[in-house]
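Open the structure in your viewer and keep the selection panel handy. We will walk from one stop to the next, and at each one you will hear what to select and what is there.

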Amino acid sequence: MLSPGTQAPDFTLRCTPDQSVSLSELRGQPVVLAFYPADWSPVCGDQMALYNETLDEFQEFQAELIGISVDGAWCHDAFAKHNKLHFPLLADFEPKGAVARAYGVYDEKDGTCERALFVIDSDGIIHWSYVSPTGVNPGANGILSALEDLRTKSETTPAAK
Amino acid sequence: MSARIPLTLPDPERDHISGSADGLIRLLEYGDYECPFCAEVQPIVKEIQRRLSDDLLFGFRNFPLTNIHPHSEHAAEAAEAAGTQKNFWGMHDTLFENQGSLDDDDLAEYAAELGLDGTRLIREVTSSVYAPRIREDFKSGVRGGVNGTPTFFINGERYDGTLDLKHLLNALTPQSA
């Protein structure tokens with residue numbers, strides 16, 4: 001997987017059947033990329049359902065959360081509606097898993113994204129990354145610690161840019 | 001968030017606790033009244049409390065997943081409101097036992113059954129009196145490593161094992177296993 005300090009590869013993926021999102025559009029704020037294996041995993045322990053409840057915490061850092069899996073946009077649409085998700089799910093669908101491969105978190109054997117997290121800073125540089133065993137929901141604490149760390153760093157580096 | 005709350009241990013000063021405040025075995029649950037897995041584990045928690053008795057300090061914090069469980073927030077608030085009327089655990093048990101019926105009318109009915117002031121309880125629930133406290137519970141869970149419900153912490157360590165009586169008891173009392 002790509003390490004901290006690396007430029008996050010740009011991408012443009014569908015977030016709904018007729019809309020796309022590019023990573024580069026999100027410059028100027030931290031971005032949390034949450035790669036996950038599949039929509040429709042069991043609900044109460046579901047990672048995306050948990051993040052949906054922690055959006056306020058991410059928002060405190062002005063961070064944008066994005067979920068990514070190889071499911072198609074229509075599948076994401078149904079999943080997001082079912083779970084009332086309030087953040088975009090991107091479809092790494094065609095060519096399948098291309099973005100996950102670029103980030104080094106594609107599981108060739110299962111043909112899905114690994115359960116991997118990236119916190120990207122406002123300049124598009126990877127600040128923190130973590131891959132969890134596929135069956136283990138990594139929770140949100142690591143992301144929040146990374147966002148805190150990022151804020152501390154930007155406060156102690158006066159006028160870096 | 002408040003840094004004073006121990007994230008993974010029950011705090012007798014703050015939390016709803018059951019058992020003995022001096023109990024050496026400290027079990028903290030983060031749960032959601034509308035989560036089926038939480039309801040399933042409830043009788044197991046009861047049995048653990050019965051068996052460990054005063055050796056156990058049990059605490060419960062709210063971790064409502066409000067988007068997938070639309071009744072979970074009001075249910076949590078009802079338990080907190082019952083707590084103000086000195087019967088948190090009565091409401092807590094009632095809510096898990098009646099997980100399929102958690103509309104506001106149901107909450108008022110449970111309050112009446114428990115001999116509480118239902119009018120006051122519903123007024124507090126609908127005006128979100130306890131929402132900040134529930135949010136504080138939730139945040140402490142997120143920072144403590146809760147990744148779904150129910151999540152248990154045994155003496156401050158997250159328990160990732162099987163949620164049955166045998167495994168939980170073994171983890172709670174390793175010396176006697």
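A salt bridge here is a side-chain nitrogen of Lys or Arg within 4 Å of a carboxyl oxygen of Asp or Glu. With that in mind, select B:R14, B:D15, B:R61, B:E136 and B:D137, which are linked in a network of salt bridges. Before going further, note that this is a predicted model, in which local features need pLDDT of at least 70 and side-chain atom pairs count only at pLDDT 80 or more, while totals for chains, interfaces and linings use all residues. Residues are numbered from 1 along each chain as its sequence is written, chains are lettered from A and ligands numbered from 1 in the order in which they are written, and side-chain values use heavy atoms, with hydrogens and water left out.

Next, select B:D93 and B:K46, a salt bridge with its closest N and O atoms 2.9 Å apart. B:D93 belongs to helix α3 (88-97) and B:K46 to helix α1 of chain B, so the bridge ties together parts 47 residues apart in sequence. B:D93 is buried at 18% relative accessibility, whereas B:K46 is partly exposed at 35%.

Now pick B:E124 and B:R120, which form a salt bridge at 3.0 Å between the closest N and O atoms. Both lie in helix α5 of chain B, 4 residues apart, about one turn of the helix.

**Where the chains meet**

Show both chains together. The contact (heavy atoms within 4.5 Å) takes 19 residues from chain B and 21 from chain A. About 1700 Å² is buried between them, with carbon and sulfur atoms giving 51%; this is the accessible area (1.4 Å probe) that two parts lose on being put together, summed over both. Select B:N67, B:R143 and B:N147: in chain B they lose the most area to chain A, together 40% of what that side buries.

How many salt bridges cross the interface of chain B and chain A? The rule finds 4. To see a salt bridge between the chains, select B:R135 and A:E57, whose side chains meet at 2.6 Å, N to O. On the chain B side that touches chain A, the elements giving two or more residues are α1 (36-52) and α6 (131-144), and α6(B) supplies the largest share, 5 residues.

**Backbone stops**

Finish with the backbone. The peptide bond from A:E94 to A:P95 is cis, with omega near -5°, and A:P95 lies in the loop between β5 (89-91) and α4 (98-102) of chain A. In chain B, the bond from B:T149 to B:P150 is cis too, with omega near -5°; look for B:P150 in the loop between α6 and β4 (151-154).

Last, select A:Q62, a residue other than glycine with a positive phi near 55°, in the loop between α2 (55-59) and β4 (64-69) of chain A.

Key:
Buried < 20%, exposed > 50% of the residue type's maximum accessible area, 1.4 Å probe, protein only.
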